[in-house]
Amino acid sequence: MNPTHIEHIGIAVTSLEESIPFFETLLGTKCYAIEEVADQKVKTAFLRCGQTKIELLEPTSEESTIAKFIANNNGRGGMHHIAFAVENIEGHLEEAKELGIRLIDQAPRGGAEGLSIAFLHPKSTFGVLTELCENKNK
Ligand code: ZN
């Protein structure tokens, strides 16, 4: 595998409204996008930190995996996943499969910001939920 950089770090929050001002202060920049990803039952907010982004994730339903993650973290949320930017995400998934890495997504799907994304299972990644993403629109 050959990621080019850390695309973003995903942080689960109970409320975008309450958490955005803190991250704006921390990073010295304004949140530049809020987007609902109906598919994943989350609302996301993005802030830049150099080449990397911070993705805040607020669940829109009790059914959301983010809601379950928050419930399992004392109702407080916290760092949820790390996302690596790759070229040829399909090739990376093939390689991961050949390496015996368990995949959550067998094929890429649509994520926030129009990226193609796929998750690797934390059981295969030392407990760190890992996302691969490719910007196919650039
Ligand atoms: Zn993500």
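Is Glu7 buried or exposed? Glu7 is buried, at 8% relative accessible area (buried is under 20%, exposed over 50%, partly exposed in between, with a 1.4 Å probe and protein chains only). Keep in mind that this is a predicted model, where local features need pLDDT of at least 70, side-chain atom pairs count only at pLDDT 80 or more, and totals for chains, interfaces and linings use all residues. Residues are numbered from 1 along each chain as its sequence is written, and side-chain values use heavy atoms, with hydrogens and water left out.

**View 1. Glu7 and Lys53 meet through their side chains.** Glu7 belongs to strand S1, residues 5-12 (strands are DSSP runs of E, at least two residues; helices are runs of H or I, at least four; both are numbered from the N terminus). Its side chain makes a polar contact with that of Lys53 at 2.7 Å (N or O atoms within 3.5 Å, one able to donate a hydrogen and the other to accept it; residues adjacent in sequence count only if both atoms are side-chain atoms).

**View 2. Phe22 and Phe23 form an edge-to-face pair.** The ring centres are 5.0 Å apart and the planes sit at 80 degrees (rings of Phe, Tyr and Trp, its six-membered ring, pair with centres within 6.5 Å; under 30 degrees is stacked, over 60 edge-to-face, the rest tilted). Phe23 is buried at 12%.

**View 3. Tyr32 and Phe46 make a tilted pair.** Here the centres are 6.3 Å apart and the planes at 40 degrees. Tyr32 lies in the loop between helix H1 and strand S2, and Phe46 in strand S3, so the pair ties together parts 14 residues apart in sequence. Tyr32 is partly exposed at 32%, while Phe46 is buried at 2%.
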